[in-house]
Amino acid sequence: MSFCQFNGGEIYKEHFQPGVYVCSTCSHPLFTSRSKFAHSSPWPAFTETIREDSVTRMMESLTAFKVLCGKCGNGLGHEFVNDGPEQGLSRF
């Protein structure tokens, strides 16, 4: 089982300028600023990926998936099902 760790200093949590968020390892496009929303977690939150193959998902529980870069497999965090800003939306 894997765990997320937060050491502080997340620079993109409060960053809402228009643009594309990419994998820090291979620059593969992951999310756009249009899907970003404010959330109480210490990490940036998104409702959807740019494309279906932007990420790879691995089920961890009935409500959470481990999320990896769809190109290089870099660990990105989790998708929390039905935890987005509106009913039925996920939170990445």
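Student: How many disulfides does the structure hold?

Tutor: A disulfide is a pair of cysteine sulfur atoms within 2.5 Å. The structure, a predicted model, holds zero disulfides. The sulfur of cysteine 26 has its closest cysteine sulfur in cysteine 69, at 3.7 Å, which is too far for a bond.

Student: Is cysteine 69 buried or exposed?

Tutor: Buried means under 20% relative accessible area, exposed over 50%, and partly exposed in between (1.4 Å probe, protein chains only). Cysteine 69 has a relative accessible area of 2% and is therefore buried. Cysteine 26, at 23% relative accessibility, counts as partly exposed.

Student: Which residues make up the largest nonpolar core?

Tutor: A nonpolar core is a set of buried Ala, Val, Leu, Ile, Met, Phe, Trp, Tyr and Cys residues joined through side-chain atoms within 4.5 Å. Here the largest one has nine residues: Tyr21, Cys23, Leu30, Phe31, Phe46, Val55, Val67, Cys69 and Phe92.

Student: What does threonine 49 touch?

Tutor: Contact means heavy atoms within 4.5 Å. Not counting residues up to four places away in sequence, threonine 49 touches Leu30, Phe31, Ser54, Val55, Arg57 and Phe92. Threonine 49 is itself buried, with a relative accessible area of 12%.

Student: What is the mean pLDDT of the protein chain?

Tutor: The pLDDT is the predictor's confidence in each residue, from 0 to 100. Its mean over the protein chain is 85, and 86% of the residues reach 70 or more. Over residues 1-6, however, the pLDDT is below 50.

Student: Which conventions apply?

Tutor: Residues are numbered from 1 along each chain as its sequence is written, and side-chain values use heavy atoms, leaving out hydrogens and water. In this predicted model, local features need pLDDT of at least 70 and side-chain atom pairs count only at pLDDT 80 or more, whereas totals for chains, interfaces and linings use all residues.
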